[in-house]
Structure formats: C-alpha cells, structure tokens
Amino acid sequence: MERSWAGALAGVCVLTGCTVQAAGSEGGQPPPVRIELSRTPAADDDKSGSTPGAKPSTPSPTPPKVLWKPGDTGRDVRELQARLRQVAWLFDGPTGTYDDLTEQAVKGFQGKRGLPTTGKTDAVTWQRLLDMTREPGHWDLYLMGGQPPDAPDTRCMTGRVLCISKTSRTLRWMIDGRTVLTVPVRFGSQYTPTREGVFSVYWKSRHHVSTLYDSPMPYAMFFSGGQAVHYSSDFAATGYAGASHGCVNVRDEAAIAQLFTQVRNGDKVVVHW
C-alpha cells in the first residue's frame, strides 16, 4: 500500500516538475517524502536583462519643425534676413536667398541663446527672433533692390523712355512700349526730392563729378537741372538706408554702363508715382 502511494506521488511530481527525495527509514515506518518544487520562469519575465521595477526610458523629444534652410528662396527668407539685420547678426541687405552668410548669422543667433547651432531656422529659433524684432517694412525687405517693378506709366508707352517709378523704386528702359532693361533706383530725401514729371535727357557725362557735392556721378544722364540718372557706389553699399541729393541713383554698375551706351540725348524721362 505504501509503495503504491509513493509511486502515485512520484507520478504527480513528474507532471508538476517537483523532486521526490527519500530519507532513511526507521522502525519499519514508511520513509518520509520530501518535495522540492523547481522554479519555472514566469511568462512575463524580462528577457532583456533589465533591472526589475526600472522606469521605461523617456522617448527623445520631437525636434522643432525646420521652416527655412540653406538654398531656400522667397519673401519669407527676406523677412528672416531683415530681422537678423535688426539684431546685428547680418549686415548685408536681404537678398531672398538663404546663402552662406544667412546660415552663419542663424548659427550665431542660435548659439548666443543656447539653441542647437544647426544654421537652419526652425520654429523655436524663429519665435525667439520674432520676440526680439519688429515687423520689417517693405523697403527693409528690399533694402538692396530686387523688388518687382510696377506697371509702366501710360506716358512711357511710346518712343524711347526712361520710365522711373517712385512707387516701386525701379527704372524701366523702354522702346515703343517694350521693356528692354529694369533696375532698382534710389531717389532724393525729403529735403532734396527728385522732381516728378516728363523731361528729356539733355547731357550725358561718363566720368562726371558733382561740382556742388564733390562726389562722383559715373554714367550721368542729366534730365532736369542738376538732377541725373547715374551710378552710385553709396547705393551699392548701403541700399535704401541712404538717399541721393535729388538724382536717380542706380546701384548696378554693369546695368547702367549698358544703359548709358543705349540712351541718347533727347530721349524722354518720365518720373512718376
């Protein structure tokens, strides 16, 4: 009977994974049975070897969205450049192209404020710049030119005309209603305004120097008193941050050199809003 009971128990232990161990018998009594259960790994044990109870790792934060980067172009890039000029991280006028100078300016701005110095303008960098600057005006955006011209005045639609718009600050060289060349121009200040109206070129002077202001006026084409269309190195250097003494300044020397060879004495000049 005892053997039968022990055998049954041994069979159960085989099924459950326990160990049966017999001790020595005394006084003819059946030997006691000692049962040791083997540990079976739990189904949810961590197989990776991490410490039980450890907190899960925090996922990396999503990087801010990149708004503009090197190579981008457009009006938004002009605004970025104009605002960087306000905080003295960029000194050249806005060009509308995210070039090397713009990238270096953004890196400097980011580094100064403890932001990642990627050189790309992300949402965090842009918000910080917005908080530190004012809304740039139209001529802040087009400080060095590049603005689109407005429609030509109706008085410019016939003949050979230097059609000069004070609204868009551009000069169109037109022949019989066709635009041959367009360049940005700068005018006089409120104290020395450029005259408006219809005039004609009466004198051309390639290497002219002003007798009143003792300043160079290369490629001068005079149309009203001492006022002329001419190249200005100051306009080329400072853009619309400055003004002339009444003349129509051109900053593109190659363009006005080309214009100077084509314009004749007697050609019409229209200065309009």
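Me: At what angle do H3 and H4 pack, and how far apart are their axes?

Reply: In this predicted model, H3 and H4 pack at an angle of about 80° with their axes 11 Å apart, where axes are lines fitted to C-alpha atoms, for helices over the stretch in contact, and angles run from 0 to 180 degrees between N-to-C directions. Angles under 35 degrees count as roughly parallel, over 145 as roughly antiparallel, 65 to 115 as roughly perpendicular and the rest as oblique, and H3 and H4 are therefore roughly perpendicular to each other. The contact, meaning heavy atoms within 4.5 Å, is made by Val106, Phe109 and Gln110 of H3 together with Thr125, Arg128, Leu129 and Met132 of H4.

Me: How do the residues of the contact of H3 with H4 divide into nonpolar, polar and charged?

Reply: The classes put Ala, Val, Leu, Ile, Met, Phe, Trp, Tyr, Cys and Pro under nonpolar, Asp, Glu, Lys and Arg under charged, and the others, Gly among them, under polar. By that scheme the contact of H3 with H4 has four nonpolar residues, two polar and one charged.

Me: Before we go further, what should I keep in mind about the model and its numbering?

Reply: Residues are numbered from 1 along each chain as its sequence is written. As the model is a predicted one, local features need pLDDT of at least 70 and side-chain atom pairs count only at pLDDT 80 or more, while totals for chains, interfaces and linings use all residues, and side-chain values use heavy atoms, with hydrogens and water left out.

Me: How many helices and strands does the protein have?

Reply: Helices (H or I, at least four residues) and strands (E, at least two) are DSSP runs, numbered from the N terminus. On this basis the protein has seven helices and 13 strands, and residues 24 or more positions apart account for 51% of its contacts with a separation of 6 or more.

Me: How do H2 and H3 pack, and which residues make the contact?

Reply: The axes of H2 and H3 are 11 Å apart, at an angle of about 55°, and the two helices are therefore oblique to each other. Leu80, Gln81 and Leu84 of H2 and Thr102, Ala105, Val106 and Phe109 of H3 make the contact, which by class has five nonpolar, two polar and no charged residues.

Me: What is the hand of the crossing where H2 passes H4?

Reply: A crossing is left-handed if the near helix is turned anticlockwise from the far one by less than a right angle, and right-handed if clockwise. H2 passes H4 in a left-handed crossing, and H2 passes H3 in a left-handed crossing as well. For H2 (residues 75-86) and H4 (residues 123-132), the axes come within 10 Å and cross at roughly 55°, and the pair is therefore oblique. Glu79, Leu80, Arg83 and Leu84 in H2 meet Trp126, Leu129 and Leu130 in H4, a set of five nonpolar, no polar and two charged residues.

Me: Is Glu79 buried or exposed?

Reply: Buried means under 20% relative accessible area, exposed over 50%, and partly exposed in between (1.4 Å probe, protein chains only). Glu79, found in helix H2, has a relative accessible area of 9% and is buried; leaving aside neighbours within four places in sequence, Glu79 is in contact with Trp126, Glu135, Pro136 and Leu141. Across the protein, buried residues make up 37% of the 273 residues.

Me: Where does Val271 lie, and what is it in contact with?

Reply: Val271 lies in strand E13 (residues 268-272) and is buried, with a relative accessible area of 1%. Beyond neighbours within four places in sequence, the contacts of Val271 include Ile164, Lys166, Thr194 and Phe223.

Me: Where is Asp176 found, and what is its phi?

Reply: Asp176 is found in the loop between strand E6 (170-175) and strand E7 (178-186), and its phi is near 50°, a positive value in a residue other than glycine. Asp176 is exposed, with a relative accessible area of 59%. Ala88, in the loop between H2 and helix H3 (100-112), also has a positive phi, of about 60°, although it is not a glycine, and Ala88 is partly exposed at 43%.
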